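Open the model in your viewer and keep the selection tool ready.

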Amino acid sequence: MNGISILSRPLAGVATDATTDAMHQPWTGHDTQVLVVAAIGIAIVVLLIVWAKMHAFLALSIGALFVGIASGISLDKVTTSYENGVGGVLGYVGVLIALGAMLGKLLADSGGADKIVDTLLHGRPATLPWKMALIAGIIGIPMFFEIGLVLLIPVVMLAVHRSKGPAMRLGIPALAGLSVLHGFIPPHPGPLAAIGILHANVGVTLAFGLLIAIPTVIIAGPLFGRLAARIVPIGAAGAGLAVTVGAGENAETARSQGPGAKAASSRGDAPVGKAQDPQATRSPSFGWTLVTLLSPLVLMLIKAGADIWMDKNAPLRPLLDFIGDPVFALLVAVLLAMVTFGTRVGFSASILTKKIGESLLPIVGVMLIVGAGGGFKQVLVDGGTGTAIAKIAVAASLSALVLGWIIAVLIRLATGSATVATVTAAGIIAPLATGLSPAQLALVVLAIGAGSLFFSHVNDAGFWLVKEYFGLTVGQTIKTWSVMETIISVVGFGFTLLLSVFV
């Protein structure tokens, strides 16, 4: 943007002619109608998820059909609009989610995750918070937040035993690393969905996302972890402790046995926090584990560099575009993992096939929710909600960057789902983002991702996972986890605004 911030730039002139014309038309009764309908539709989704305890896929589907009908879309086209939205998102994002799940499964079952943990946890206790954030970041690349959390909790508790310090000092950096990756970095579902909806460039978004993620994790992780440890000075407790002490023991037994039992656990006398499948006869080396995990990022970053610095007509450009496409990059990583995390650790071909099949089972619900979110956003767009919001944004001189963060924050607070907030906000913002450069589109994606992480509370499944694993009260969870999520959202958005000054 030649040094001009997205924050201060009006939206006029950045869209296509058709969208620009619609954005500058006088306000009509239909604009008011679709905004009211959109608010009611979101409220319906929230009530169905929070109050009626309905699955998010069904809630989003019902809300989408209501919005379509009430917005004035003809009855014979409402379901078509919804189906187009579902297909448009899943046709691109679904493949990537599946490949990411396969990579994560092989990483855990091969012992690759254990190898990363064992290697990085050596050294002085003072470095543990920083290493914990690094471990979470590496493991969080191919894994969903919930899967990464389940894997890391034993690691956190083991490290707490070794350092004999408060759990939050190490827990917050791990949680921050996982959460930032989940909200900012593809191939996680939320960022991928926003990229697909806004037609952003994956490589550019990945590059910018990494630039923003690193300082955000530092501030919300190790630095805030010091404060959180003073606010909630608890040791190892809750369900996480029960996992850490090994098979046949529970948290109460560990407490009754005293420090000696904890010390034995930390020395490795029991199988503490191991994710490796017993069928694996060997473990992958630390080097090959990193090569496998980072291979898709390297390929996508190569493409991002080509997009920025190489002419579109350069002879190598088609090849770099192909190898840097997320589908190809993740497929290469999975195929490499079938060797480094598969045959080389003792898995037979039949076991590998079984594990890859098992990896798809936990993501079915996630994919359906992402798809339904895409359907919900499509009826909002087809009904005219995006155009109405664009008119308000033009009148208020708000940018897609700022509006995307605000809308994502509101939907996150209402529904508790970062993915739903990301997909819905991206759909609403899409008309405003038409015509933006790849760099600007990537920043809009990241602003929405930052907003989707704002203040997790009781309507978020992650809130309860953290509470139970760390043995916290609701109040303690709010003081630590919820505040950490808010810091990530605000700091991440701040760095996005700062980066917008230079692109």
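**Stop one: a lysine**

Select Lys 467. Its relative accessibility is 16%, so Lys 467 counts as buried (under 20% relative accessible area; over 50% is exposed and in between is partly exposed, with a 1.4 Å probe and protein chains only). This is a predicted model: local features need pLDDT of at least 70, side-chain atom pairs count only at pLDDT 80 or more, and totals for chains, interfaces and linings use all residues. Residues are numbered from 1 along each chain as its sequence is written, and side-chain values use heavy atoms, leaving out hydrogens and water.

Lys 467 sits in helix H23, residues 461–470 (helices are DSSP runs of H or I, at least four residues, numbered from the N terminus). Not counting residues up to four places away in sequence, Lys 467 touches Leu 472, Thr 473, Val 474 and Thr 477 (contact means heavy atoms within 4.5 Å).

**Stop two: helix H3**

Select residues 56–70. Helix H3 has 15 residues and reaches 21 Å from its first C-alpha to its last. That is close to the 21 Å expected at 1.5 Å a residue (1.5 Å times one less than the number of residues). Color its buried residues, among them Ala 59, Leu 60 and Val 67. Just after H3, find Gly 72, with a positive phi of about 100°.

**Stop three: a helix pair**

Show H8 (residues 167–184) and H10 (residues 202–231). Their axes come within 8 Å and cross at roughly 155° (axes are lines fitted to C-alpha atoms over the stretch in contact; angles run from 0 to 180 degrees between N-to-C directions). That makes H8 roughly antiparallel to H10 (over 145 degrees; under 35 is roughly parallel, 65 to 115 roughly perpendicular and the rest oblique). Finish on the contact: Ile 172 and Phe 184 are among the H8 residues there, and Ile 212 and Phe 224 among those of H10.

Definitions and conventions:
Helices (H or I, at least four residues) and strands (E, at least two) are DSSP runs, numbered from the N terminus.
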